[in-house]
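Hi everyone, thanks for coming. Let me put the sequence and the model up, and then we'll walk through a few features together.

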Amino acid sequence: MSDTIIFNAAETSRLLDKFFHELAARVRGGDAARHAGGEGPWGIVGIHRRGDLLAERLQHRIRDEGGPALPSGVLDITLYRDDFTPARPQPTVRPSQIEFDIDGANVLLVDDVFFTGRTIRAALTQLADFGRPRRVVLGVFIDRKMRELPIHPDHVGVVVERPRNERVQLRLAELDGRDEVVAIREDGGR
Amino acid sequence: MTPPSREPHPDSRPNPRPEVVAGAATGASAGAGAPGDERRPWRRRHLLDVASLSREEIEFLFETARSFREVSTRSVKKVPALRGRVVVNLFYEPSTRTRISFTLAAQRLSADVVDFNGETSSVKKGETLLDTARNIIAMGVDTVVLRHPAPGAPQFLSERVQACVINAGDGAHAHPTQGLLDLFTVIDKLGSVENKRIAIVGDIRHSRVARSDMWAFLRFGAKVVLVGPPTLVPSSLRDIGVDVSYSLDEVLPEVDVLCLLRIQSERQEQGLFPSLEEYSRLFGLNSERMRRARPDVLVLHPGPINRGIEITPEVADGPRSAILEQVTNGLAVRMAALYLTAGGDA
């Protein structure tokens, strides 16, 4: 098992900055559109375990720029995965919390790495159990361009194409000590 | 009935876990293994009693139960975690609330549930437990929730069938989900049970709830005292590290938690205590006794309550009673038990 740094802290920070800028424009564009009689309120929902941290950073950034304090939520998709088998270890289940009424809301769904699309499939199913959003927009920081389902991100921070047997990970200071993007070769293919 | 084997989830991101496993300071397990390893303290396919569970296993089950509590607050109170799996409630003794609680728990995990009532079925025609269970499992059942009058029946079954077995009460031996939900409720209310004094009051001799409670509280460092008439409290239980008292009034002022047990009137007919009135006078919890208890004492009862015998309505419905929270927590604990055993080692 070896880690290859794809983007160091400075590069990751620049890419994140650009990504957040784009997402902020998307949800704040909502203000103008609302005046024009268009879209309803926005909320940001992050997918545990790093999508929620990205959502939190985005929320702060919008507020720091004088924008609205957008409501947020966290999804833990463990119970919605399509690969639960008795032979598989159960990951820790964490509560999902969405602090706003998602019926009729515009939801910006945020995750760190988009790989096959199965996490997003699970997240969409779970969102539907909380209510019926008016629309869901997907922002992912890293798109690995390897989909197994007809699900596509609307906003992408950066495209990273690596072999399938490598795991691409976004590390974030809150959890990992610093921001960086690494590829981890998984030997033996557990 | 084995589900088709599927590829490991490609999106699974087994995060390196910076959080320290609570209480697992044994060094060997904490931090060992590849960074991709998931923390996995629960490996059991069966939940047979509380006595054999480690503290770490119970903590993991509680962590899972807390997450499941959130599911019950949603507008759609259901997650697809056990979709396609079948749970059978195999009950050889009457039960309403435990059965309903298991049924709801399984349904909230999207499992299919079948009720099998041993009192009104082929058992009457002489079929043995093993034959009944084998027949049910041949229909593709994944989990058996068993209540049976014979102590050890769930263990017997677990050694002979493929399905996961959850003990929902076996004779006077164990009722693990009740013991776990009682501990869960007390930790939820008090933060911890470490060094707390917990009295279990009533018919200890015939109570599987008392045994499972006792083990659960002891495992988490509580001081347990068993209280009841001498005919109903086996003093031999002192050997496992609990106190025994024959006077509720004596222990009342110093306990943090009172776990009352249901008194079954047929015990009176067996001459184990003179009358329900006398039991109530000596061991019943009423407002007058509550005034002599600690003001923050917590009152638990596994239900159904005999109002006016082991507890008066004012106390059962009063501010110190956690009886309805026990019911709510019971659902979450049973969801966790069904979910975790389904993922246990084959």
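In chain A, 39% of the 190 residues are buried, where buried takes 20 or more other C-beta atoms within 10 Å of a residue's own, exposed takes 12 or fewer, partly exposed lies in between, and C-beta atoms are placed from the backbone. Please keep in mind that this is a predicted model, where local features need pLDDT of at least 70 and side-chain atom pairs count only at pLDDT 80 or more, while totals for chains, interfaces and linings use all residues. Residues are numbered from 1 along each chain as its sequence is written, and chains are lettered from A and ligands numbered from 1 in the order in which they are written.

Chain A has four helices and nine strands, taken as DSSP runs numbered from the N terminus (helices: H or I, at least four residues; strands: E, at least two). Starting at the N terminus, their order is β-α-β-α-β-β-β-α-β-β-β-α-β. Of the chain A contacts between residues at least 6 apart in sequence, 69% join residues at least 24 apart; a contact means C-beta atoms, placed from the backbone, within 7 Å.

Now over to chain B. Look at the loop between α1 (55-71) and β1 (86-91) of chain B, and you'll find B:V76. Is B:V76 buried or exposed? B:V76 counts as exposed, because it has 12 C-beta neighbours inside 10 Å. From B:V76 to B:P94 is 18 residues in sequence and 30 Å in space, C-alpha to C-alpha.

How values were computed
Two residues are in contact if their C-beta atoms, placed from the backbone, lie within 7 Å.
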